[in-house]
Every structure is written in C-alpha cells, then in structure tokens.
Amino acid sequence: MIYIDLILNLTLLISLTVVSGFIEKRWARRTSTGLLLQGFLFGTASVIGMTHPLNLGPGLIFDGRSIMISLCALYFGPLAGAVTGAMALLYRIGLGGAGTIMGVLVILSSLGIGLLAHFRLTPATRPLSAIHLYLFGILVHVAMLTMTIFLPEGSGFGVIMRIGLPVMLMYPLATVLAGKILSDQVEADRTMESLRENEEKFRQLFNLESDAIFLIDNETGRILEANAAAAALYGYSHEELCAIKNTDLSAEPDETRKATVSDMTRIPVRWHRRKNGTEFPVEITATHLIWESRPVHIAAIRDITIRMQAEKDHLKLQAQLYQAQKMESVGRLAGGVAHDYNNMLNVILGYTELALDKVNSSEPLYADLQEILAAARRSADITRQLLAFALSLIHI
C-alpha cells in the first residue's frame, strides 16, 4: 500500500507539470501573473496531495508536497514558491495532529532548498541535467526524513524504517521526471523567446534597409513580404504590395517582365512604375532560396534615377571635354600656321618697302610694287585675325 499511495501522489505531480506547461504558454513566468498562477497551481496540487496522503497514524501523513514545493521554488522563484508554501502551510496547520511540526518544517525546508537551488543553478537560463535534479531530490528528501526527529515519543525512527526506503527510491526519481518536464518547458520557452527576438531583429533590419526588399514566390510571382522602403518607393501600403505580383510593378512589355523571375542573380536595368503611374529605372539584385518548402527569391530593388542622370551628365561633360580638346588642337594648329605665315609676310613687306625706295615713282614698276605692298598688308591683317582666333580656341 505504501508504494501505491506514493505512486498516486507522484501521478498527481506529473499531471501538475503538464498543466504548468499550459499556464506557461498563456502567462509567461517572467510576468507576475504567470508566477502567481504557477504558485497557486503547485499550492493547489500540494493541498490535493495532502487530502490523499499516506497515513502512518493520527495526524502523521506523507505525500508529494516536498517535491511540488521544492520544484516550484526551483523553477519559478520566490513569488511562486511563497504562494505554494503559504497554501501548503495553512492547510497542514489546519489538519493538525502529531506530525504538524514536522510537516511545517518539511514545507519550509523544501521551500528553502528550492529557492537556494533557484539562485545557484539558475534553471531559467540553462537546462538542468538529470544528475542535478536527482541530487536535488536526494537533498530535499534527506532533509524531509531528517525532520522526523521532531515527531513525538521517538516515533521518528519507526517512520524512517517504514517509509525511508520507498521515499528515497521513488521521490528523487519523481523529482528528476517532473524536473525534466519543467526543464523542457523552460527550454521551449527560451527557444520561442529567442525566435521572437530574432524575428524582431530581422524585422527591424528588414525595415531599416534603404533598398526596397521583396520576398517573392517563384511560381506565382506573388509578393509575400515587403519592407517599409518598398512601400515608400512605390507608393503602396504594405497590405497593397502583398496583394499584387511583382510583374504588376513593371513598366515593361510582358516578354521583358518574365526576366524578373529568371535564374539570374543580377538583373540589368529595368523600368518600374509607381502607384501614381510614374515610371523610373531600377536595378534588381535577386537571391533564390527555399522558404517554407517553396521556391522563392528575395529581390533588392534600387531606384537609380539619380545615378542614371549622373551618368548622362558625365557622358555629356566627357563629350564637351573632347570637343574642347579638338578645338584646342585646331587652335594650336591654326596658331602655328598663322605665326609662320606672318613671319613670311613680314619678309615680303620688308623687301617690298626696300624695293620701293630704290624705284622712281614715275616708273611702271613702282605701281606694281605698291600693289604687292597693299596685298601683303591685307594678308598680314588676315593673319593677325587668324592668330587671334587660334588663341581664342586654345583658351576655351
């Protein structure tokens, strides 16, 4: 009967850990509400265990409260442990009997050991191994059996002889079993919290990206996700973008649009259209992957209007520079020719003037020399104009 009664109490304990998991999903342990509910749950289970105990005599009962209280304090800390301990204390004192002092001390020792382990082992940050839990269970129940010294009339030895072996065999193992369930719940909660944090970080990075980012279904072309930059660039709301296909953003013919879902990782310049009808050039970088068991690609789209205008301006400036260089070359050539020609004209003018001094003005040759001199002077004027023009070309 001893083993059967103990098994019934331990079955209640296992059921308790399952219910605790449901509470954890709805009210996390990091909230006061969650801790109070966990404390109330473990306290209720402790009270229920005391209503169906192993009776060794009037007012002398044994049950699974030591496991419930110690595990509650271990995994949920002072607030939950205090609620569980208070509920168990009130009920045990209300029962009265010869074992009241021992019962109260067992509750307090289980609570104290549980809280000490809570702060020392920190189960909320790292899962406890089976060895840790087994040693924890041994310590709690050695303390429990030690409290039999407070039983009246030296009955403690007899109680230890009767229940010591089954308690030390079954209670530490039950502590391991229930503790592993609670550890798995802690680990699952931590994993979910980590996933939520990572998802939030990804969401923040996704929306902080300056380029428009789309997650697109390869088969249907439907936009599955878009960041804030995409909504700002195209003038659609996030909901509107997720209700259309990527080809709906294109301003190009159908045969050209198909390239936007090709296997290329970098797509040439395309033209897209905003919600208001404005067309603009974009550069698309695509990465293909499998997401939720379906082929998708992430497209990073950048508005390159300013860059294309800058490239046009650069080409225009290059053409202007080339033209200026050509004109400078022409000017240098013309300047060189004009300079040489001017030198020759100076020789002609000089010799003509000398010849005029030697010829009588009444002779026919004098009039011919005068014509040569006039023509040379006119040529010199033209040469000076050509030289001035050449200088202007050089300094453009």
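Reader: Which residues of α10 are buried?

Author: Among them are Gly-331, Ala-334, Gly-335 and Ala-338. Buried means under 20% relative accessible area, exposed over 50%, partly exposed in between, with a 1.4 Å probe and protein chains only. Residues three or four places apart in an α-helix point the same way, because there are 3.6 residues a turn.

Reader: Why is Cys-242 called buried?

Author: Its relative accessibility is 18%, and the limit is under 20%, so Cys-242 counts as buried. Cys-72, at 0%, therefore counts as buried too.

Reader: How many disulfides (pairs of cysteine sulfur atoms within 2.5 Å) does the structure hold?

Author: The structure holds zero disulfides.

Reader: Which element has the lowest mean pLDDT?

Author: Strand β2 (residues 60-62) has the lowest, 53, and helix α4 (residues 100-121) the highest, 92. pLDDT is the predictor's confidence in each residue, from 0 to 100; a strand is a DSSP run of E, at least two residues. Where pLDDT is low, the predicted coordinates should not be read in detail.

Author: Residues are numbered from 1 along each chain as its sequence is written. In this predicted model local features need pLDDT of at least 70, side-chain atom pairs count only at pLDDT 80 or more, totals for chains, interfaces and linings use all residues, and side-chain values use heavy atoms, with hydrogens and water left out.

Key: A disulfide is a pair of cysteine sulfur atoms within 2.5 Å. Helices (H or I, at least four residues) and strands (E, at least two) are DSSP runs, numbered from the N terminus.
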